[in-house]
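Reader: I am new to this structure. Please show it to me, and then let me ask about the terms.

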Amino acid sequence: MDRPDASPAALPRLRGQAVRAVLFDLDGTLLDTAADIALALRRALADRGLPAPADEVVRTMIGKGTPMLVRRANDALALGLDEAAQAQVLDGFMDHYGRMQELGESGAQPFPGAIEGLRALHRAGVPLGVVTNKYHRFAVGLLRLRGIDELFGVVVGGDSCERRKPDPQPLLFAAAQLGTDPRETLMVGDSVNDVGAARAAGMTVVCVPYGYNEGQDARLLPADVFVETIAELPALLGL
């Protein structure tokens, strides 16, 4: 079924609005990647003889991309790293994170209901995409490791566009790649960055309550709708 060309009556709908495609955040929405991120950061800092934040603290630092993660770690531990030193830690993080994927060390797992919901949407012919602030090659690598890369028509990473979420540019780019109007494209995420980007792009936004949201309670986000798991999304759309 070719959803972008389907008649309006046949389309999934949310609150009366037609939904021609669904975009998903990755970290904290589809996959629990916090432990991997914390391990790569710990190794990158250890290379320079520096301490690392505890895993539960790193979880609150996720959002706005890896350069921001390094900046937040520097501030949280008062490491006093200048821009050049932070860039070196970032390079180290990239090396370690990539090696973890290559060696099969990644422990990132789908959140409960995520795979079930994605496959149901895919079977219904709904075009799907991922829009993440994670670097594109890492996002694609994780999706491939979990065996779900074939479900997505587009993957937009933090380095795919000039700007990252919460700027709307990555969401608008993803919608264009899928051939859908932003007003008929749904964004599903877990953070203030996802909500801000969706609002600026003119998209409806659904949030999950279990993600990272930079350490804040995701249930306080001004989403249009909340779902406990992605598995609830097909029924919400009338599929």
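Author: What follows is a short exchange on a few terms and the values behind them. This is a predicted model, where local features need pLDDT of at least 70, side-chain atom pairs count only at pLDDT 80 or more, and totals for chains, interfaces and linings use all residues. Residues are numbered from 1 along each chain as its sequence is written, and side-chain values use heavy atoms, with hydrogens and water left out.

Reader: Why is Ala78 called exposed?

Author: Exposed means over 50% relative accessible area, buried under 20%, and partly exposed in between (1.4 Å probe, protein chains only). Ala78 has 65% relative accessibility, so Ala78 counts as exposed.

Reader: Where is Ala78 placed?

Author: Ala78 is in the loop between helix H3 (66–76) and helix H4 (83–102). Helices (H or I, at least four residues) and strands (E, at least two) are DSSP runs, numbered from the N terminus. The phi of Ala78 is positive, near 50 degrees, and the residue is not glycine.

Reader: Does Asn213 count as buried or exposed, and why?

Author: Asn213 counts as buried, because its relative accessibility is 4%. Asn213 is in the loop between strand E9 (204–207) and strand E10 (225–226). Its phi is positive too, near 45 degrees.

Reader: What do the buried residues of H6 pack against?

Author: They pack against strand E4 (31–32), H4, strand E6 (128–131) and E7. Contact means heavy atoms within 4.5 Å. Among the buried residues of helix H6 (residues 136–145) are Phe138, Val140 and Leu143.

Reader: Which peptide bond is cis?

Author: The bond from Lys165 to Pro166 is cis, with omega near 15 degrees. Pro166 is in the loop between strand E7 (154–156) and helix H7 (169–178).
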